[in-house]
Amino acid sequence: MLQHYKGCIYALVLCQVISVFAHDHLLEGIYCGKENCYEVLQVTRESTKNEIGKSYRQLAKKFHPDLHRGEKEKKEAEEKFKEIATAYEILRDDEARSDYDYMLDNPQEYYAHYYRYYRRRMAPKVDVRIVLAVTISIISIIQYYSAWSKYDTAIKYFMTVPKYRNHALEIYKAETKEAALHQGKNKGPKKSKSEQKAEQDKVIRRVIEENMDIKGAYAKPEIVDILWIQLIILPYTIAYYIYWYLRWFWKFDILKHPYGTEEKLYIIRKFMKLGQHQFNSIEESEKQSFLDEKLWIKQNFLIWKAKKDEETKKALAENNKYKQYRRYIKNHGIGRMTFDDS
């Protein structure tokens, strides 16, 4: 009888310990604190989203602070309303609810629960589409202004080349002379040397921009080249290339039609392994020499390339700086450094 009585006491104590432990694993500062979110909303873990939403609306209506007049009652209702809103915010979201259920099932992972909770709370809730759009816009802007910077560099370079500068100066002098004839005696205030120089450079730049057809990577940028436009027209681009390759296969591989000038230059560019911009920057006279030597025929191209490689090696061998470099490599080796080198 005594042993049975002791057993009952042990069972009662064990139940109390389990009950206390069940509440202790609810961590302060995260989720619903020491309160169980399901109990706050008066639902169970098996409740559906609709049931949770329905219970929340009923409780929110019941404990809304505006429905209580007394100061004490109003304050208590406000605290309860906050608990209900917090519990609903957690249980209505599938991922947050999953994390909360994991905490209930794994109370021993103390620090992991804080990490999972604050990782979700602190993570930026930004639409991925907005991030993607902003990123593409930034890249497009940088791309466009970078292209303009390259084009400006090319124009400034050609302004220093005597051939183009002298031609532009002749046009500038002619325009100045014509303007002076129109003005007659009413010449207006005399310009300083710096103003004349600035006006002269402006005219030279305009003449070069109007008459110089710059191609390749330094060509004048066009809005169609930026990333945003390229993505918009991507379906058309893909369809065009499919059509282009099918047409090539049918016309030249099946029907064996002779190549036109455009096709010959395309094959030569592919043999040279050059991009479109790089190939465009080659002078037209040099492209014509490619055609004259029939470099679209692979055998002719291989002979031409071997000859060019040999000429390049010969030019390097005769170059004094290259000779010094080879002598240094021979005596000291690649990457070797000694005190005698200085």
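Mentor: Partly exposed means a relative accessible area between the buried limit, under 20%, and the exposed limit, over 50%. Keep in mind that this model is predicted.

Trainee: Is K305 buried, exposed or partly exposed?
Mentor: Buried needs under 20% and exposed needs over 50%. K305 has 37% relative accessibility, so the class is partly exposed.

Trainee: Which residue forms a salt bridge with K305, and how far apart are the closest N and O atoms?
Mentor: Look along helix α15, residues 298-318. Four residues from K305, about one turn of the helix, lies D309. D309 is partly exposed, at 34%. The partner is D309, with the closest N and O atoms 3.2 Å apart.

Trainee: Why are K156 and D152 separated by about one helical turn?
Mentor: The two side chains meet in a salt bridge, 3.1 Å from N to O. K156 is partly exposed at 48% relative accessibility. The separation is about one helical turn because K156 and D152 are four residues apart in helix α7.

Trainee: D152 and R205 also meet in a salt bridge; how many residues apart in sequence are the parts this pair ties together?
Mentor: The D152 and R205 side chains meet at 2.6 Å, N to O. D152 lies in helix α7 and R205 in helix α9, residues 193-211, so the pair ties together parts 53 residues apart in sequence.

Trainee: What relative accessible area does R205 have?
Mentor: The partly exposed class starts where buried, under 20%, ends. R205 is partly exposed, with a relative accessible area of 22%.

Trainee: How many salt bridges does a search of the whole structure find?
Mentor: Salt bridges also link R45, D101 and D105 in a network. For the whole structure, the search finds 10.

Note on methods
Residues are numbered from 1 along each chain as its sequence is written. This is a predicted model: local features need pLDDT of at least 70, side-chain atom pairs count only at pLDDT 80 or more; totals for chains, interfaces and linings use all residues. Side-chain values use heavy atoms; hydrogens and water are left out. A salt bridge is a side-chain nitrogen of Lys or Arg within 4 Å of a carboxyl oxygen of Asp or Glu. Helices (H or I, at least four residues) and strands (E, at least two) are DSSP runs, numbered from the N terminus. Buried means under 20% relative accessible area, exposed over 50%, partly exposed in between (1.4 Å probe, protein chains only).
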